[in-house]
Amino acid sequence: MDKWTDILDNGGSLDVIYLDLAKAFDSVPHRRLLLKLQSYGINGAYLSWISNFLLGRNQRVTVSGTGSEWAPVLSGVPQKSVLGPVLFVCYINDMPATVLSFIYMYADDTKIEREVATEEDRKILQGDLHRVEQ
């Protein structure tokens, strides 16, 4: 808020983009997450334990007592677990390196902000949004 106040007190303009990564915990691809964990130096027994935690899960849908066929779960980190949010943060941890504006992240909520004084500032912020999307 101090940054916002300084910009506004000096007559500047500020653009803020709030992102709520919909179904973010459900969309983390297991294999990509495991590769990213390896790049952070997590290997051996720890990586094996996390792999066992994520892989080999199956799910089905039941409506009015009739269930669908079981299908493998290929993405997502288990919610309502201690490890799930930690794995999600590990997965998105490099997001700040992709933007030029200020970025604040908390779990699946992200805020990107930039003082916008010129058309170039607007283009930078839009570029940041595209990079986050990718």
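How many residues does helix H5 have, and what distance does it reach from its first C-alpha to its last? Before I reply, please note that this is a predicted model, in which local features need pLDDT of at least 70 and side-chain atom pairs pLDDT 80 or more, while totals for chains, interfaces and linings use all residues. Residues are numbered from 1 along each chain as its sequence is written, and side-chain values use heavy atoms, leaving out hydrogens and water.

Helix H5, residues 119-133, has 15 residues and reaches 21 Å, close to the 21 Å expected at 1.5 Å a residue, that span being 1.5 Å times one less than the number of residues. Helices (H or I, at least four residues) and strands (E, at least two) are DSSP runs, numbered from the N terminus.

Buried here means under 20% relative accessible area, exposed over 50%, and partly exposed in between, with a 1.4 Å probe and protein chains only. In H5 the buried residues are Asp121, Ile124, Leu125, Gly127, Asp128 and Val132. They lie on the same side of H5, because they cover an arc of only 160° around the axis, taken from the directions from the helix axis to the C-beta atoms. These buried residues pack against S1 and S7, contact being heavy atoms within 4.5 Å.

The sheet is open, with three strands in the order S1-S7-S6 and antiparallel pairing; pairing requires at least two DSSP bridges. Its edge strands are S1 (14-20) and S6 (102-106). Five bridges join S6 to S7, residues 109-115, and Tyr106 has Asp109 as its bridge partner.

Finally, Ser64, in the loop between S3 (62-63) and S4 (66-67), has a positive phi of about 50° although it is not a glycine.
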